[in-house]
Amino acid sequence: MTKNYSFPPHFFWGASTSATQSEGRVADDGKGENIWDFASNEYNHRFYEGVTTEKTSRFYEDYQTDIGLMAELNFNSFRTSISWSRLIPNGVGPVNEQAVTFYNQVIDELIAKGIEPFINLYHFDMPLELQKIGGFENKIVVQYFKQYAETCFDLFGDRVKYWFTFNEPMIPAEAGYLHDRHYPYVVDFKRAATVLHHIALAHCEAIKSFRERNLASKIGIIMDIIPVYPRSQHPADLKAAEMADLFYTRSINEPLLLGRYPAELVGILTEYGQMPVVTNADLALIAETKVDILGINYYKPRRVKALDYEPNRSGVFSPEWFFANYEMPGRRMNTSRGIEIYPQGIYDIAKMIQAKYGNIDWFVSENGIGIQGEEQFMENGMVMDDYRIDFLKEHLIWLHKAMAEGSNCLGYHMWTFVDCWSWINAYKNRYGFYRLDLATGEKTVKKSGLWFKDVIKEHGF
């Protein structure tokens, strides 16, 4: 095999998923409800074809077989999350021993197969009992999260070498408290800002507890970064891009990676009466907290332009008061998801990490393409997903270029290993290296999985 793009021999290759999206439920498993269990039943009309969290991808039942399938693709690493409400059914209080057994077995099986477990503590799945008291809107939940994190470190910290506090910390705040996509379906910027600040504090408190244990492992966070591109070099478009980046990226990246909130953001939120309560003790905690490793989820760019119209100032305060989304003519689209495909974005993110965040160790924690109706591409029982292979190649080529220029990227995890349940979209769009037959539970490899297997074996392509 002639390789044009070689990656380091110890590069992390694998895939990512989350507990709620993959585990499913079995009778008497001791798991408490989380907000997705509740919302997918109570607000079932919001979910594609009404699919709930009950079954998802059956990892709770199939973990041993699934990890064997990962090993067949030569994975050397795999990221998943612990379900807070499975481990501690009410979010605080007694531990579910069945969950302890399950997560111990998963971690041990991964290690036995030569697959490094990357364990994330929170992937959008607030325990329902804690949501009833406000979830992360209530500052007491920061302490409950700290206790949950400590439980995880104490139970599994002897074997897990890579920990992550949150996946995409912006999303619970923005989707759940501003843009009406996730439960509790609140539309209120100040409440969203409060949630985001408390998530930042929960991250810091968990890391503080981690450091106190002197574990021989690393801890970080998974960030969703959408690089921003202005419509033009006109000053008004440049300002619009600056504002989009300020609200949706810098607002969370800078406190967690640089130890401070951007002064411009504080000024704007203060001016408009949207600043959450932030104490000097909060700021001190944020300033002293450092991460060891950063995960980056990348799917799409954000293209923006200056506003064409003055926003309704009597309406709900929103970042979109300061910029408008721009639909660039000729952009390349994934029509299943309605999002732009722009592989160069992964290079631009890598260069931004080099320039702004001290070239910290990082890895691609999610990148992938979800396609509706993949059965139309089946031949002899296999999905011939050449479009996914092309997508992977293009992103890896840009990643390779960034690494050649000194970016400290340690690995690449695709979303996802086996077709999983997605927030709101359920199984509408398929992302996996393995196809899931929802009726039978059978999991069959796609063409892209076999291609990825060779990439890992050859350390490149």
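Helix α7 buries V141, V142, F145, K146, Y148, A149, E150, C152, F153 and F156, where buried means under 20% relative accessible area, exposed over 50% and partly exposed in between (1.4 Å probe, protein chains only). This is a predicted model, so local features need pLDDT of at least 70 and side-chain atom pairs count only at pLDDT 80 or more, while totals for chains, interfaces and linings use all residues. Residues are numbered from 1 along each chain as its sequence is written, and side-chain values use heavy atoms, with hydrogens and water left out.

**Helices**

- Helices (H or I, at least four residues) and strands (E, at least two) are DSSP runs, numbered from the N terminus.
- Helix α7 covers residues 140-156, and its 17 residues should span 24 Å at 1.5 Å a residue; the end C-alpha atoms sit 25 Å apart, which agrees. The expected span here is 1.5 Å times one less than the number of residues.
- Helix α3 (residues 59-72) and helix α5 (residues 97-112) have axes that come within 10 Å and cross at roughly 5°. Axes are lines fitted to C-alpha atoms, for helices over the stretch in contact, with angles from 0 to 180 degrees between N-to-C directions.
- That crossing makes α3 roughly parallel to α5; angles under 35 degrees count as roughly parallel, over 145 as roughly antiparallel, 65 to 115 as roughly perpendicular and the rest as oblique.
- On the α3 side the contact uses F59, Y60, Y63, Q64, I67 and M70, and α5 brings Q98, F102, Q105, V106, E109 and L110. Contact means heavy atoms within 4.5 Å.
- Sorted by class, the contact of α3 with α5 has eight nonpolar, three polar and one charged residues. Ala, Val, Leu, Ile, Met, Phe, Trp, Tyr, Cys and Pro count as nonpolar, Asp, Glu, Lys and Arg as charged, and the others, Gly among them, as polar.

**Buried spots**

- H182 sits in the loop between α8 (170-177) and α9 (189-212) and counts as buried at 7% relative accessibility. Leaving aside neighbours within four places in sequence, H182 is in contact with W36, F124, I171, A175, G176, W423 and I424.
- D125 is in the loop between β3 (116-122) and α6 (128-131), buried at 0% relative accessibility. Not counting residues up to four places away in sequence, D125 touches T20, N34, W36, I82, S83 and W84.
- D125 and S85 are 40 residues apart in sequence, with 7.9 Å from C-alpha to C-alpha.
- L269 belongs to helix α11 (residues 263-271) and is buried too, at 5% relative accessibility. Setting aside neighbours within four places in sequence, L269 is in contact with F189, F247, Q274, M275, P276 and F317.

**Cysteines**

- There are zero disulfides in the structure, a disulfide being a pair of cysteine sulfur atoms within 2.5 Å.
- C409 is buried at a relative accessible area of 5%, and C420 is buried at 2%.

- Most residues other than glycine have a negative phi, and most peptide bonds are trans.
- The Y183 to P184 peptide bond is cis, with omega near 20°, and P184 lies in the loop between α8 and α9.
- W415 and T416 are also joined by a cis peptide bond, omega about 10°; T416 is in the loop between β16 (409-415) and β17 (429-430).
- R58, not a glycine, has a positive phi of about 65°. R58 falls in the loop between α2 (35-42) and α3 and is buried at 18% relative accessibility.
- D180 has a positive phi near 60° and lies in the loop between α8 and α9; D180 is partly exposed at 32% relative accessibility.
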